[in-house]
Amino acid sequence: IGVEPLLAELAARPRMVEPSPEARERAQAIATLPPEERARAIRSMVDGLEAKLMADGGDVAGWARLARARRVLGELDKARAALDRALALRPGDPALLSEYAGLLLGPEDPETGLPTVGAEALAAYERLALSAPDDPEPWWYLGIAALQAGRPEEARRHWSRVLSLLPEGHPERAAVAEKLRALGG
């Protein structure tokens, strides 16, 4: 279990608020434990966060924090359930939709190096595209889905949009342009 990202996530508080001294101390203490004890302590923290959220109904930030912690633990179904709760509280939130859609992506195709965009991920990226039309992310994945469905013209349209949304000098522009060149036309 990667302790640093998980402990940072669990100790996170809403912006402009520092983690409590107790939370910092607990995170530091857990980081020094032997691996098996550390794993149990982390699981206990995550389970405690979930119990608290279930008891009080939770808030968007809490459910999102739980989802990220569950994802780090490899508990993808539980991460998805936590994101479902967050999205129920804020259905059109682009950050939540992005996280949710990313969780739904399938394995990378060894030939293309692109992740599999199944039906559920596609639906989530379509929602994200409606919620944040100027965000290049959903258009990138919609292009992958189109390509995987054998619709290269649609992929080209989506990736052209990605290119138009990325500023000059953006580190991803070259990769997107290369994918467009590979499609031809």
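Helices α4 and α6 cross with a left-handed sense. A crossing is called left-handed if the near helix is turned anticlockwise from the far one by less than a right angle, and right-handed if the turn is clockwise. The model is predicted, so local features need pLDDT of at least 70 and side-chain atom pairs count only at pLDDT 80 or more, whereas totals for chains, interfaces and linings use all residues. Residues are numbered from 1 along each chain as its sequence is written, and side-chain values use heavy atoms, with hydrogens and water left out.

The protein chain holds 10 helices and 0 strands. Helices (H or I, at least four residues) and strands (E, at least two) are DSSP runs, numbered from the N terminus. Of the 185 residues, 39% are buried. Buried means under 20% relative accessible area, exposed means over 50%, and partly exposed lies in between (1.4 Å probe, protein chains only). Among contacts with a separation of 6 or more, 46% join residues 24 or more positions apart. Contact means heavy atoms within 4.5 Å.

Two packed helices are described by the angle between their axes and the distance between the axes. Axes are lines fitted to C-alpha atoms, for helices over the stretch in contact, and angles run from 0 to 180 degrees between N-to-C directions.

Helix α4 spans residues 60-72 and helix α6 spans residues 94-104. Their axes come within 12 Å and cross at roughly 25 degrees. This angle makes α4 roughly parallel to α6. Angles under 35 degrees count as roughly parallel, over 145 as roughly antiparallel, 65 to 115 as roughly perpendicular and the rest as oblique. From α4, the contact uses V60, A64, A67, R68 and R71. From α6, L96, E99, G102 and L103 take part. By class, the contact of α4 with α6 has 5 nonpolar, 1 polar and 3 charged residues. Ala, Val, Leu, Ile, Met, Phe, Trp, Tyr, Cys and Pro count as nonpolar, Asp, Glu, Lys and Arg as charged, and the others, Gly among them, as polar.

Helix α4 also packs against helix α5 (residues 76-89), with axes that come within 8 Å and cross at roughly 165 degrees. The two helices are therefore roughly antiparallel. Their crossing is left-handed. On the α4 side, V60, W63, A64, L66, A67, R70 and R71 make the contact. On the α5 side, the residues are L76, K78, A79, A82, L83, R85, A86 and L89. The contact of α4 with α5 divides into 11 nonpolar, no polar and 4 charged residues.

Helices α8 (residues 136-148) and α9 (residues 152-165) have axes that come within 8 Å and cross at roughly 160 degrees. They are therefore roughly antiparallel to each other. The crossing of α8 and α9 is left-handed. Helix α8 contributes P136, W139, W140, L142, G143, I144, A146 and L147. Helix α9 contributes E154, A155, H158, W159, R161, V162 and L165. These residues divide into 11 nonpolar, 2 polar and 2 charged.

R70 lies in helix α4. R70 is buried, with a relative accessible area of 0%. Not counting residues up to four places away in sequence, R70 touches R43, V46, D47, E50, E75, K78 and A79. The side chains of R70 and E50 are joined by a polar contact of 2.8 Å. A polar contact is a pair of N or O atoms within 3.5 Å; within protein, one must be able to donate a hydrogen and the other to accept it, and residues adjacent in sequence count only if both atoms are side-chain atoms.

E50 sits in helix α3 (residues 35-56). E50 is partly exposed, with a relative accessible area of 26%. Leaving aside neighbours within four places in sequence, E50 is in contact with L66 and R70. E50 and W63 are 13 residues apart in sequence and 8.1 Å apart in space, C-alpha to C-alpha.

Helix α10 covers residues 173-183 and includes A182. R173 is also found in α10. R173 counts as buried at 18% relative accessibility. A182 counts as exposed at 63%. Beyond its neighbours within four places in sequence, R173 is in contact with L163, L166, P167 and E168. A182 and R156 are 26 residues apart in sequence and 9.9 Å apart in space, C-alpha to C-alpha.
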